[in-house]
Structure formats: structure tokens, C-alpha cells
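Here is a short briefing on a protein model. Look at the picture first, then read the points below.

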Protein chains: 2
Amino acid sequence: MPVSAGISQKTTMAPSRTEQLISNLIKIGIALTSEHDLDVLLEQIVTEARRFTRSDAGSLYVVEDGLLRFVVSQNDTIMKRQPGAVPKNPYLNRTIPISHQSLAGYVASTGQILNIRDAYKIPASEPYHFNKDFDEKYMYRTRSLMIVPLKDPQDKVIGVLQLINALDANGKAVAFSGMVEELVLSLASQAAVALKNAQLTAQIKKAHFDSILRLSVAAEYRDRDTYYHIQRMSRYSAMISKHMGWGKAEIDLLLYASPMHDVGKLGVPDSILMKPGPLTHDERKVMEGHTIIGADILGNPDSDLIRVAKSVALTHHEHFDGTGYPYGLRGERIPMEGRIVSLADVFDALSSRRCYKPPMSLDHVIEWVRQERGKQFDPACVDAFFEGVDEILEVYEKYKEPAPEPAAKEPQPAAPAG
Amino acid sequence: MPVSAGISQKTTMAPSRTEQLISNLIKIGIALTSEHDLDVLLEQIVTEARRFTRSDAGSLYVVEDGLLRFVVSQNDTIMKRQPGAVPKNPYLNRTIPISHQSLAGYVASTGQILNIRDAYKIPASEPYHFNKDFDEKYMYRTRSLMIVPLKDPQDKVIGVLQLINALDANGKAVAFSGMVEELVLSLASQAAVALKNAQLTAQIKKAHFDSILRLSVAAEYRDRDTYYHIQRMSRYSAMISKHMGWGKAEIDLLLYASPMHDVGKLGVPDSILMKPGPLTHDERKVMEGHTIIGADILGNPDSDLIRVAKSVALTHHEHFDGTGYPYGLRGERIPMEGRIVSLADVFDALSSRRCYKPPMSLDHVIEWVRQERGKQFDPACVDAFFEGVDEILEVYEKYKEPAPEPAAKEPQPAAPAG
């Protein structure tokens, strides 16, 4: 490596333009690799690359299942023309094949950079052609293009960055300088590492959530609760906390912790948990003990996640007015996570079908939630619930239980409430 | 941002030395941020920084709980002197306080770089001093030092990099050039992002493993299995797979998947699972069904983790000679993960105390494992077990059940085998 040879040079010249550009690249690399939110990162890659090359517009594709998915579209000219009312690019999230016909497809399949002076004057002899649909729809004129592969360190293309209309000092679209090709390729490599890292983190987090869901459902195997219940109630909890102004990290914690709210039922004997008729007073006390057993199972938390899960397990049956169990805590003495999950859990229990009961109508459940504001539920949670009610109904639809098989439609014996 | 101004320049001069250095930095940044294994990364940070500055030696501290932990030590001179028999630096993993007295402590607390011409000639007026212990122990002469803070993008110091003895073209120790300070600070910022990312990934993975352990233990709440059993058997499984030559990712999958091997016991009624006496033939059949129920609970896997967990749940009671259950699979027809966990699970059951039985002596269990080679267990697994037996005994000691309370020492009724 010839790197060290230069170190002893003692010149005091001002850094060259190229040096400035390259050291800017290092800062961009640091900024990109320290961003872990995938959606934010994708936008940021295009923003930084456009700023670096001074381009009017830019877009980004990521490789998914052998296709290119269009994930980011930025365009200053259109944005300025319709401030505040920019229609979302209708091509977003569409996929195109990785083939030589499209510009992005060509770059993805060859791994080569394309530097095009005028998109409308591509020689017919080239395999790729420019698609004018977007330009015509938005009355835009794409001229110069620099299309760059995002290659990971193993040289695999994982995305394609498209920079559109380099601007000169007067804001006029000019060709991209051949000089910057190397630098933009470097930027793309840094972006590729950042993208891969963020994808990996997202994948690990997803696997984590999946495991928790699986095992939480398993923990309720003897009960009547289902995968769908766990999916919905954890998402309802997250929605409510979001509309209470919680930060992303805390919302995620609650999303992951809330599925574990009923693990304590593992400590309730079959004879009570699965009893077909109503419970006696003593049996009910044992049943209510699932909150304390849950906190015990999740005891000595050594992570934030388990700490929240334990708190939820213990307090998700407390009522805001002090009439709940196990301790009859009132108001602010119930931890906020318990108050949120309480609403999410009961809302789901009432609004969904169980094998022992049909669902209550949505209108009825919603009206009932309103009535319990300040009684069973924290008024602040109820308000957040109504603020996010559209998203809650989306979850309700998306994670609906499949209709039961015809044979199972016969009425079942009533089961005890948990 | 003045970045774009330079783009239209069309010069064809060869890149300057500084340009070469900076563009090397970009490559180093990409290499570091794409390394996710924390231990590998820590070494790599020192290796790359030494190569970049051409230093004979280097070391790295990371900030942990308000202290500096010494995590990497590299020294070419000592390495060449005793090839193949370099003693591990005895100071490794020690911590020092973040105070102005030590060089690394000074850099960590002030956030400033130190460039020292001769470690033995630091003026007494400076708050910090050089510790000669290492030099004296290894007959080494530390001369020049460059000590750099690893700052995250929020400017927080998360580590300290120490470069020792810059070498000139003849291999003679010379001072570090003031010219490279900026560049080494850049390298340190890139290293800081990479380090933070790797720490974050490690933390997410740890949280994931913790949740799985918790919930798997919870799933066996009605059974006699404990947190310690789950901890040990999952680690035994990982050790065996390691000595069978598996890759790191596969080993991790098995480590995470194996705790779930008995989730199917959730489907076994209390009356059988908790029966104090021996089981009838029919009861035993129900009990053995926990393998099939487990596979059912973990059905439709949408991740590699759950796929492996399902396979383990189904097959961890099969025997290599075909005498196991539920299907009496033989040899290669049992998936490898099932063969490994079978050995790990039984070894732990025999070698550990349960409330209904004392542990078998280790010598006996090990002898018995040897005898079952090719009968109950895959010979390849048994061989890997013996290859890694030292590590297995370490886990055995480390995750030993605490001695039972005196009151609980009375003999308990025998419990059925799972």
C-alpha cells in the first residue's frame, strides 16, 4: 500500500477542490452509515448524492427478489412549482425487471455507470431507452442523467441511483462531468454499505418480533387466544402510544413487549383455564393471578424490553378508576404501558370473534370505549385511540381472523374471561 | 455547500498524495462499516489505522460504563521476535479510569488528539504520563505516539485509538506527521460509526436471544425445566455444531432455535405433564406428542430461525439407530439440527440436578455418551462433542443451577421423562 509514503510531505497548500470533494464524501459516508431507519436512509442517499452533484432531481431503486423496486423520487423543479401540494409519484413502489431495456435495469445488470448528456438523444443503437412517461405527465424535461449502481463490498448490485439534470451556477441543466464519476461511484459504495446495514438491522428486528409473536401465541396455547389477537393487540398498543406522542424507540418496545402480556396464564391450571362454565370466586382469584405470575416469569429484567413486558403483564387488568386487579391501582399509579395495553387488549377482545362468542359490532365497541373514558380507561389513552382510529381500523381489517371452517360453526361452550 | 463548484473543472492532473490518502480513507470506511462481527471489527480498526499511518504497534480502548476497557493490542516488532508464540498481552480487558493521568484517559476526557514525539520525554508539566510497564516487560521502546478519540456523530467519545512508533522507509521509528492528524481523526470517526453499529447489532441480537430464553422458559413453566437448563442446552448445541464445522450464522441460528425445542409441552394436559408417578402407555403417547405439537406451534415458518426451531422441536427425540420418537427416523433421515440438540438435551438432563433427581456424575454421563455413539446419537455429533468437551464443561460450570434452599432438599416425587 503506497498510502503511508505521503505522510512525511510537509506542504502547506490549500486543499484542492478534489480534496474537498473527497473529504466531503467521507462526511457523507459517516452520515449515511449512522442512519439506521431504512426509509429515512433511502431518502437521505438521494438527497446527499443530489447535493454532491448539484442535480435537480434524483431517484433510487433497490433490488428485491430479482427486480428493481422504485423507492425514492425527488424533484426540486416540480416541488417548487407546486409547493405544499406535490402529488406523490405514482410510479413509486412499482417494480421493473433487471434487463437491458431500461436505464436502471441496464446499470443493475451490467454494474456499469451511465453518464448521458441528453436523455432524449440516446442513440437507437443502445439497448436501453429513456421512458418519457414521467416527463409528459409532469411537464418536466429530463436532460442529463448519471445512473450509478449501488454495489456492496462483494461487488453485488443492490440498488441503482439515478441523478437527473446537473445544474450549472445559473441553474441551467448541463451534462454531468466525467470527473465526478469515480467520486459518485464511491458515494454509491458508501450508500450501499449503509443500505445493507439498515436492511440487516431491519431483518434482525423483524426476526425478533416474529419470535416473540410465535412464543407468545404458544404461551396461550391452552387458552383461546390466537395469533391474530396477538398481532392486533400489539399493533393497537403501538398506535395508541404513537398518538400519545411517544418516540419511535418506545413505540417499538411496546410493540415487542405487549404480546407477552398474558404469559402468566401458563401458571393457571388446566382445570381453571379451560373450565367451560363460570368460575367460582376462588377460581376467579387464581385466574386473576396470571398477572402476578406473568410478572414473576418476566422477573429480574436485564433489558428494557423485558422490563416493559413485565410491567404490562402485571398491570394490564388495572382500571383507571381503581376497580381493576391485581392491586386496584388508580390513575397515574398504573404505569402508562399498562393503561395503553389495557385498552388495546379489551378493544380487541370485544371486537373480534372468539370460538365461544361472536364479535360485538364495531360501532358498539367504539361507543363503549367512549363511555369508559375515565372509568376503565385513561382519558388520554381513549383520546389517542380516537385520534388514531383510522389506523386502528386498518389493523382490524388487515389481521382479521379467517372465517371458521363450516364444521366448527356449532356453538361452543362459553369460556371464562381472562 | 461549496461541494458542487469543483465538478466542472476539467483538469487531468494525477491525483495528489493527499487525494490518494483521502480516497483510501473512503475504502477503509467501507471496509470497516461492512464488518459486523464486533471482535473482528475491533482488530480491523487497529490494523487499518496502523497500515494507514505505517505504525509498528497500536491498541484500542472502548468506553464501557464510564471506564476505558483495553480491547486490542498489536505489535509487529514483538510478533516478529517470537513468531507463533506471542504471549497474549496481560493488560487486555483491564479497565482504566477516564482521567487526565493516563494518555488514553486524557484523550477520552478532553476529546483531543495527542501527537507525542517521544513517550519518554513528556514534559512533567503535562497532566498525563506514559506508563512504561509494557515496554519493560517486553523489552520494547515506545517512541512516537498518536492517540486519537473515536467520536460518534454526536461527538461523544466511545473509544480511544493509540498508534505507536510511526516507521520511516527504513523501518526506523519517527514522529507522526502533523499533516495526518486530520486524516486519522476522519478514520477514527468512520471507525466510531462502524463500532457503534456493531455494538447496536450485538445489542439487538442479545435482546432477541434474551426474549427467546425468557419465553421458552415460560413455555416450560408447568414442567420442571429451568432457565439454567435452557441456557446450557442451547449453548451445548452451539458448541457441538461449531465443532462439526458449521459457520457462524448457522451456529447462531441453532443457539437461538434450540431453546424452543420443548414448546410443544404446552399442548400436554396438566394431568399427564405433572403426574407424579409413572405414565401409562397411552399417557406416554400423549406426552411424546409434544414433538408434533411443537412443530405445529412453530408451523408455517417465515424465517430461518423458526424453520430450524420447528425442525428441532419435531426431531429432538429421534435416535440415530431409529428407536426414537415420534417417527422412528434413522440416521441421515433425522435433520442434523435434531441430532445435535438430542445429544445436548440429554447430556444436560442427565448431568444436572432436577428437583426430582440428583445429577449423575459427570464421568458417568460422559462415558454413557461414548457408549451411545452410533446408537442413540450420531457418531459425528459425539465426536464433535468430545472435541469441544472443554468448552462444554465450561458452560456446565458457568450456568450451574444454584444449590436448592435447605427447605426444598427433601426428596420430591419422581416426575415423568419428557
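Two residues are in contact if their C-beta atoms, placed from the backbone, lie within 7 Å. Among contacts in chain A between residues at least 6 apart in sequence, 65% join residues at least 24 apart. This is a predicted model: local features need pLDDT of at least 70, side-chain atom pairs count only at pLDDT 80 or more, and totals for chains, interfaces and linings use all residues. Residues are numbered from 1 along each chain as its sequence is written, while chains are lettered from A and ligands numbered from 1 in the order in which they are written.

- Chain A has 16 helices and seven strands (DSSP runs, numbered from the N terminus: H or I of at least four residues for helices, E of at least two for strands).
- Its radius of gyration, taken over C-alpha atoms, is 28 Å.
- The C-alpha trace of chain A spans about 85 × 55 × 40 Å along its principal axes.

**Where the chains touch**
- Chain B gives 64 residues to the contact, and chain A gives 64 residues.
- On the chain B side, α1 (17-33), α2 (38-53), α6 (181-219) and α12 (304-315) each give two or more residues.
- α6(B) gives the most to this side, with 18 residues.

Terms used:
Rg over C-alpha atoms; globule rule 2.2 N^0.38 Å.
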